[in-house]
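Reader: I am new to this structure. Could you take me through how to read its features, one at a time?

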Amino acid sequence: MKRPLIFSLALTLLASAVLAQDEIKIGEFASLTGGSASFGQSSHKGTQLAFDEINAAGGVLGKKLKLITEDDQSQAGQPATIVRKLIAQDKVVAVLGEVASSRSLEAAPICQQSKIPMISPASTNQKVTEIGDYIFRVCFIDPFQGSVMAKFAQSKGWKKVAVLTDVKSDYSIGLAQAFKEALLKGGGTVVKESSYSTGDKDFKAQLTSIKAAKPEAIFLPGYYGEVSLIGKQARLLGIKVPLLGGDGWVGDSLLKVAGNSLDGSFFSCHFSADDKSEAVQGFVKKYKAKYNNETPDDMAALGYDSVMILAAAIKKAGTTESEKLRDAIAATKAHAGITGSITLDEKRNATKPAVILGIGGGGFQFVQTVAP
Amino acid sequence: MIERSKILLLSALLVCAGLSHVAGGISPYYFDILIGIGINIILAVSLNLVNGYTGQFSLGHAGFMAVGAYASSWLTLKYGSSIGSGTLSTTTVFVLALLGGGLGAALSGLLVGVPSLRLKGDYLAIVTLGFNEIIKGVIQNAEPLGAQRGLGGMELHTNFFWTFAFAAITIYVVLNLVGSTYGRGFLAVRDDEIAAEAMGINTTKYKVLAFVLAAFFAGIAGGLYAHFKQFIHPEGFNFLRSVDIVVMVILGGMGNTAGVVVAATLLTILPELLRKVAHYEWLPDWLQQVAENRMILYSLLLIILMLTRPQGLFGNFTGKRNQRLQ
């Protein structure tokens, strides 16, 4: 009984060793557990879906793609170790990850030093791709969303806008700055600027002074936790103008806390499952079929896009050799992704459209796509 | 006795220097784990001086580590390029920055220790926990230190030699201190504070000294960490990191340096080992899925270890105490 077991073990080991040569290994580090697990899980599901699809269609360069995923537990200190493992032990040809900018910033120097291309699906902080020429991203960067919302306010005819910024968050400050610049350029005015800090619960003082300035809209580039409270308190104070924000608004608890007080507000985002375009609807259908009827969010769509861009680059380069692969990724132009047409600029950031969603009727509605 | 320990320390340093030449050749992943082991040994052995030998309960070791990490990074970033580019001068800057980080951490240890070490047990734990959060909060708001973004751009200076040299020095200092006549005061404070005080031992002084020394070495460990990962973020020095170190001390056996060294090594390797198991393709699917949730397995192993060896892997502190009571 014992011998066949050992024999079959040896066989499978041998088989996997032989098979390994027909595989292209790609590493992924994601926050599958811990504080930002919901983001990590989503992007991983999108990534996995893309791998399945590519392999079902015969793989790339006649080889199957193999995804090696490691969990970084949402902990600082882990990404460096994991990326070293992926590169040195698993010998991956490229690395995918992460959602959080701080963890991408930790992994990026190692990928750069080892000359292994890294594509981040959703790290929006500018510094990430500044690490070096092997680091890419498929999402837009923080300032872009600010200018998108300024353009949107203009198109709606809102010229007098108040800005309420979270001073503890780089993200919020970056968005606010870009918004103000674009608004002034378009002939609008900022009638009042106020600030709060992450974790604040009472915003009535700031909102009262904003109300006195009589804005036509309020730009609120924060995260969903504070935004939901601000929305509620604004309506209590009788502020009826629409609130505008960025992708930080996306969160399960936004509408649970805010109720219907955010109705009539708008925010920019990477992707909407309500988008009627064929590409998006096809993706939503595949995703639902694989994952128990779950609706994909923007992290899933970005994870999917990052794989597709990488696979297209491998195909174009005709090799997985690091330098040629890097050049092929950098040359990505008008890639038809789920989150829009993606072009990588000379700073390795994605130039792509944003989606604007409106809030109403207890959910998010797709409003329009804004080109860069 | 002291002579022998000095010879041991010297030979340990020589071995480190010798191994350092070989260590560069191994896989970067194993090297990462190896350096992690060294840093965790420094952290755990130094915390053992407070939690194990002196019997105080500190939950803020990661806070001191953060002070050391940020202080030394700030020093190398500011002065690293201005002194010169030779290997000798960069190494000098690095070691000076490490010591600077250690001193900074020791100073903050003194600041926290003097007022709070009048407290005992749970209360001290809460104060040190609070200190950890304060340090994190200060860094998160300090723009020159990268605030919420994290601080990067440090050069890779940490190598095998410096990491394990400092680990050896930490072990040497702690063992010799506790073994010396003067150091018996630590054990006296742990065993019975009132009796110690009645015997004329300045208990507060001993507690503060243990605290400051432990903070110093935690600061060194922080500096080594920062110049290895080359990117530090306030969240990397949170409460959970402190708990990690406390777990190493408890698992190794409070007040047993050898045990703590073994525990620090084991607890650094174990999560990575489980990571490897999760990828064995010849394992059945369900077993792979269990291994994928490796942190559950890791916690389970900790619980089993604590149930079977409550005194720690090597610890006999409680055993001794029971014997004495009998």
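Reader: Which residue is the bridge partner of A:Ala336 in β12(A)?

Author: Start with the general idea. Strands of a sheet pair through backbone hydrogen bonds, either parallel or antiparallel. In this predicted model, A:Ala336 has A:Ser341 as its bridge partner in β12(A). A:His335 stands opposite A:Ile342 of β12(A). β11(A) and strand β12 (residues 340–344) of chain A run antiparallel, joined by three bridges.

Reader: How many residues lie between β11(A) and β12(A) in the hairpin?

Author: Two residues lie between β11(A) and β12(A). The next hairpin is formed by β12(A) and β13(A), with five residues between them. In that turn, A:Arg348 has a positive phi of about 65°. Two bridges join β12(A) to β13(A), and these strands run antiparallel. A:Thr343 has A:Thr351 as its bridge partner in β13(A).

Reader: What is the order of the strands in this open sheet of three?

Author: The order is β11-β12-β13 (chain A), with antiparallel pairing. The edge strands are β11 (335–337) and β13 (350–351) of chain A, and each pairs on one side only. Helix α12 (residues 298–317) of chain A packs on this sheet. α12 of chain A touches β11 and β12 of chain A, and its direction makes about 150° with that of β11(A).

Reader: Now the other sheet. What is the order of its seven strands?

Author: Read the strands across the sheet. The order is β7-β6-β8-β9-β10-β14-β15 (chain A), and the pairing is mixed. β7 and β15 (363–370) of chain A stand at the edges with a single partner strand each, so one side of each has no neighbour in the sheet. From one strand to the next, the twist averages 25°.

Reader: In which sense do β6 and β7 of chain A pair?

Author: In the parallel sense. Strand β6 (residues 160–166) of chain A and strand β7 (residues 189–196) of chain A pair over seven bridges. In β7(A), A:Ser195 is the bridge partner of A:Thr165. To get from β6(A) to β7(A), the chain crosses through helix α7 (residues 170–185) of chain A. This β-α-β crossover is right-handed.

Reader: How many bridges join β9 to β10 of chain A?

Author: Two bridges join strand β9 (residues 243–245) of chain A to strand β10 (residues 266–269) of chain A, and the strands run parallel. A:Leu244 has A:Phe266 as its bridge partner in β10(A).

Reader: Which strands do helices α8 and α9 of chain A lie across?

Author: Take the helices in turn. Helix α8 (residues 204–212) of chain A lies across β6, β7 and β8 (217–219) of chain A, and runs at about 175° to β7(A). Helix α9 (residues 224–236) of chain A lies across β6, β7 and β9 of chain A, and runs at about 170° to β9(A).

Reader: And helices packed on each other? At what angle do the axes of α3 and α5 of chain B cross?

Author: The general idea has two parts. Two packed helices are described by the angle between their axes and the distance between the axes. The axes of helix α3 (residues 61–79) of chain B and helix α5 (residues 121–141) of chain B cross at roughly 30° and come within 8 Å. That makes α3(B) roughly parallel to α5(B). Residues making the contact include B:Ala66 and B:Tyr70 of α3(B), and B:Phe131 and B:Ile135 of α5(B). By class, this contact of α3(B) with α5(B) has seven nonpolar, two polar and one charged residues.

Reader: How many residues does the contact take from chain A and from chain B?

Author: The contact takes 24 residues from chain A and 18 residues from chain B. On the chain A side, α1 (2–19), α3 (78–88) and α4 (101–114) of chain A each give two or more residues. α3(A) gives the most, with five residues. The side of chain A that touches chain B divides into seven nonpolar, 10 polar and seven charged residues.

Reader: Where are the domains of chain A?

Author: The domain assignment gives domain 1 (2–140 + 278–352) and domain 2 (143–269) of chain A. Their C-alpha centres lie 34 Å apart. Four residues of domain 1 of chain A are in contact with six residues of domain 2 of chain A.

Reader: One last point, on the backbone. Which peptide bond is cis?

Author: The bond from A:Gly97 to A:Glu98 is cis, with omega near -5°. A:Glu98 sits in the loop between β3 (94–96) and α4 of chain A.

Terms used: Residues numbered from 1 in each chain as written. Chains lettered and ligands numbered in written order. Predicted model: local features only at pLDDT ≥ 70, side-chain atom pairs only at ≥ 80, totals over all residues. Domains from an automatic or database assignment. Contact = placed C-beta atoms within 7 Å. Helix = DSSP H or I, 4+ residues; strand = E, 2+ residues; numbered from the N terminus. Nonpolar A, V, L, I, M, F, W, Y, C, P; charged D, E, K, R; others polar. Pairing = 2+ DSSP bridges. Right-handed = clockwise from strand over helix to strand, strands pointing away. Axes fitted to C-alpha atoms, helices over the stretch in contact; angles between N-to-C directions. Parallel < 35°, antiparallel > 145°, perpendicular 65-115°, else oblique.
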